[in-house]
Amino acid sequence: MSEREPSGEEKRPKLSVCIATFKRARFIGETLQSILSQLEPGVEVVVVDGASPDETAAVVAPLAAAYPALRYHREPVNSGVDADYDKAVAYARGDYCWLMSDDDLLMPGAVARVLAAVADRPDLLIVNAETRTPDLAQVVDPALLPPESDRDYGPQDRDALFLATASTLSFIGAMVIRREVWLARERARYHGSLFAHVGVVFQDPPLEKVRVLAQPLVRIRWGNAMWTSRGFEIWMFKWPALIWSLEGIPASARAAVCPREPWRNLRMVGLHRALGGYSSAEYRTWLAGRGERPFRLLARIIAELPTGLANALAAAYCLLVARGARRELYDLAYGRNATWVARWAARRRGL
């Protein structure tokens with residue numbers, strides 16, 4: 001795939017909304033409608049379909065036929081989410097690329113707000129988002145970022161930017177980047193991490209100008225991620241590996257965002273057991289050869305705990321101790337291992 005630039009006769013759009021999708025026929029139509037309803041001159045939508053075996057093509061192709069600004073690229077093989085977003089940016093023609101998720105919705109006015117925010121050409125725009133239940137009927141968390149005023153960061157502020165936004169940027173729909181910046185930076189080394197876009201942002205050299213918008217512009221279907229079943233591997237190993245590969249960021253800042261070895265925290269191991277993402281299979285794959293013998297013994301015991309007991313204990317902890325853990329409590333209450341204790345605790349917290 002070539003990183004084609006528009007010819008002189010082509011008018012370059014200001015913004016490309018770039019979506020990499022795989023097996024999301026149930027959701028991508030609504031996602032696209034939330035974007036297409038906001039189209040204006042200078043905005044295009046690029047969808048890269050990583051060889052979805054479901055009805056994704058049947059959903060997207062008619063929309064592409066009806067909207068010339070929507071360009072649909074169906075790949076012959078699935079290259080993984082990082083490579084497919086990379087392809088989407090390469091296919092794009094816009095000055096800026098909004099790396100949008102394939103199941104969430106833009107809020108009304110979101111495109112216009114982004115166009116106004118990039119008028120003075122920041123390298124990166126980070127937008128806020130709210131999390132909702134998978135049916136979008138109820139708010140779980142009104143904002144990923146603190147709902148304060150907008151803020152600009154220069155290259156000297158990279159450490160502060162990292163501390164303030166790295167966790168939010170684990171959600172790819174928060175990122176609007178100048179296309180030439182993306183193409184000029186290293187991407188391939190992060191393919192397979194599931195968070196290549198975070199590596200693009202925080203590698204050396206620091207970006208010259210980053211703007212953070214406090215206003216939530218995206219509604220996230222919380223708990224609907226494709227990788228939920230791989231949560232233990234991703235959050236205990238892949239995410240920390242990505243964060244700790246960013247050698248230009250001080251170790252203290254990286255540790256504040258994510259410990260180097262979060263799997264050593266038995267409380268986190270217990271949470272994954274309570275959610276159903278950690279069992280004896282994960283223990284054998286990821287932990288059996290790590291840590292000291294007492295740790296391995298406790299990790300194995302946690303892996304064998306009845307999921308209902310683990311779920312109830314974790315929900316009680318979120319209700320009584322970790323009172324800010326609304327998203328975690330929601331997952332405990334409405335996931336596959338939910339108990340009446342977790343559902344009761346969630347109702348007590350208004351979830």
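Analyst: In this predicted model, helices H1 and H2 run roughly parallel to each other, a description that applies because their angle falls under 35 degrees. The angle at which H1, residues 25-36, packs with H2, residues 56-66, is about 20°, and the two axes lie 8 Å apart. Their crossing is right-handed. On the H1 side the contact is made by Ala25, Ile28, Gly29, Leu32, Gln33 and Leu36, and these meet Thr56, Val59, Val60 and Leu63 of H2. Sorted by class, this contact holds seven nonpolar residues and three polar ones, with no charged residue taking part.

A second pair of helices can be read in the same way. H11, residues 280-287, packs with H12, residues 293-304, at an angle of about 155°, again with axes 8 Å apart. Since angles over 145 degrees count as roughly antiparallel, H11 and H12 are therefore described as roughly antiparallel to each other. Here Ser280, Tyr283 and Leu287 of H11 meet a set of residues in H12, namely Phe295, Arg296, Ala299, Arg300, Ala303 and Glu304. The contact of H11 with H12 divides into five nonpolar residues, one polar residue and three charged residues.

Helix H14, residues 326-334, can be examined through its buried residues, which are Leu329, Tyr330, Leu332 and Ala333. These residues lie on the same side of H14, because the arc they cover around the axis is only 165°. As for what they pack against, the buried residues of H14 have as partners the strand E7 (139-141) and the helices H10 (266-275), H13 (307-320) and H15 (340-348).

Asp123 sits in the loop that links helix H4 (110-117) to strand E6 (124-132). Its relative accessibility is 7%, and because buried means under 20%, Asp123 counts as buried. Leaving aside residues up to four places away in sequence, Asp123 touches Val176, Ile177, Arg178 and Val181, and also Leu207, Glu208 and Lys209. Although Asp123 and Trp182 are 59 residues apart along the chain, their C-alpha atoms are separated by 9.1 Å.

Technical notes: Residues numbered from 1 in each chain as written. Predicted model: local features only at pLDDT ≥ 70, side-chain atom pairs only at ≥ 80, totals over all residues. Heavy atoms only, no water. Axes fitted to C-alpha atoms, helices over the stretch in contact; angles between N-to-C directions. Helix = DSSP H or I, 4+ residues; strand = E, 2+ residues; numbered from the N terminus. Parallel < 35°, antiparallel > 145°, perpendicular 65-115°, else oblique. Left-handed = near helix turned anticlockwise from the far one by under 90°. Contact = heavy atoms within 4.5 Å. Nonpolar A, V, L, I, M, F, W, Y, C, P; charged D, E, K, R; others polar. Buried < 20%, exposed > 50% of the residue type's maximum accessible area, 1.4 Å probe, protein only. Arc of directions from axis to C-beta.
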